[in-house]
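This briefing is meant to be read alongside the sequence and the 3D structure. It opens with a question and then groups its points by topic.

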Amino acid sequence: MKKLYLNLIILILSLAGGFLNAQQVSDKQINDLVTVLKANNKSEEDIKTILNGIIKDPELYNALWQNFIKQSYISENNKFKFLNDLNIAFKTFQSKDSATTSLGFTYDFNFDYAKFIEKENHRVSHTFGLSAKGNVAFNKDANPNNFLETKVNYSYTHFSGGVIRQNDEEVFTRLNEIEDKLVAMKDMKSPEALKLWDEFGNNLKLSDQFYYGLSPKFAFESNQDFSKTQFTPGLMIDLGAKGWDNSSLLSKLNILDYPFALLRLITGADKTFTVYGSTVPTLQIGCDYVIPNKDLVRESLTGNKDPFPRFRIETGFRTFISRIKKENIFFNANYRFYQEIDAPASVKAAGLSSVNYFVMALQTTSGFYASYAAGRLPFDAKNDQVYSLGFNYKF
């Protein structure tokens, strides 16, 4: 079955026009490997085990995918330009209560068209977006986070603050001079450039920024084989704040960044203990009107597929940890909570009226990441603790 998935991926990429020789290269490499193993007196069973291990390796699929992307950008017509808005990561899932690993991938696609309108003391944006995200396992029965969401939405966002606080003509003149000097430099990491960057930062004192957004949306939720599906129109409210001056009160209130500020100091990434106000967690709250389409479990519990209201909340946090040689390391965290409003007694008794999900990850600029997730999402059968390891590509 895993070999079938490998061939299927190669076939799809070949038909897409960016990976014409993938099948030939893959077959040749596999045949060469088998020849070498046989020459070393490996048994048929040992050869089969080794090949299965290769096919389970997410880096094999990441290499195929990355090569396809490079080839598609080389082509003159660039017919895969939409991949600029796609993040995809092939990885292995490992549940804490199971020794079985599952090869699969995570995808996150976001396309937005935004129009910004500048006002005297603020600005607003009107955004139309399409997004899709989820986890897919090649063995669907082993998918620990079996939840896919696709949605279209409109968002009105109001921004205030985030402007230069000094009203000094000399400051603006000096900032322009620094910009002109930096543009003329070839090495942005030279001692002279770094000195200018420090001076630029010291002069560029921005006020705290706050924003809120209203987002009516229409979404479609399912598990990966679409045996459970539901439509979820609703309204979301987005709230956020950024303390661009790390000495501001807002920056000091960002308590989640305190442990990472200490790590940055210990590893030498920052010269002083500095809490980043730009990493204040974001918050999204809203209400959905869930319209079940296919859900045998709910239908058996309630005897119907009547729509129901659902409250949801989501918060996200991302910050810089340290730098190792040329690799920047980041910490990401996300928490989601769903609560059915006035759920039937049978749904409550089955423990399906509310679910919550938490995931955190370490990620490098090259794309390597390791993550840990706990809880469950809608449609998941049980709470899981899941470890994932893989590579992420952002296009």
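Which side chain does Asp270 meet in a salt bridge? The partner of Asp270 is Arg264, with N and O 3.1 Å apart, where a salt bridge is a side-chain nitrogen of Lys or Arg within 4 Å of a carboxyl oxygen of Asp or Glu. This is a predicted model, in which local features need pLDDT of at least 70 and side-chain atom pairs count only at pLDDT 80 or more, while totals for chains, interfaces and linings use all residues. Residues are numbered from 1 along each chain as its sequence is written, and side-chain values use heavy atoms, with hydrogens and water left out.

**Overall architecture**

- The chain holds 10 helices and 13 strands, taken as DSSP runs numbered from the N terminus (helices H or I, at least four residues; strands E, at least two).
- Of its 395 residues, 41% count as buried, a class that means under 20% relative accessible area, with exposed over 50% and partly exposed in between (1.4 Å probe, protein chains only).
- Among contacts (heavy atoms within 4.5 Å) between residues at least 6 apart in sequence, 59% join residues at least 24 apart.

**Salt bridges**

- A search of the whole structure gives 10 salt bridges.
- Lys217 pairs with Asp288, the closest N and O atoms lying 3.0 Å apart; this pair links distant parts of the chain, with Lys217 in strand S5 and Asp288 in strand S8 (residues 282-294), 71 residues apart.
- Lys217 and Asp288 are each buried.
- Glu221 forms a salt bridge with Arg310 at 2.8 Å between the closest N and O atoms, and because Glu221 lies in strand S5 and Arg310 in strand S9 (residues 308-324), the pair ties together parts 89 residues apart in sequence.
- Glu221 and Arg310 are both buried.
- A network of salt bridges links Glu149, Lys217, Glu221, Asp288, Arg310, Arg312 and Glu314.

- Ser222, in strand S5 (residues 209-222), counts as buried at 1% relative accessibility.
- Leaving aside residues up to four places away in sequence, Ser222 touches Asn146, Phe147, Leu148, Lys228, Thr229 and Phe379.
- Phe226 lies in the loop between S5 and strand S6 (229-231), where Phe226 has a positive phi of about 60° although it is not a glycine.
- Phe226 counts as partly exposed, at 40% relative accessibility.

- Asp342, in the loop between strand S10 (327-340) and helix H10 (345-349), has a positive phi near 55° and is a residue other than glycine.
- At 73% relative accessibility, Asp342 counts as exposed.
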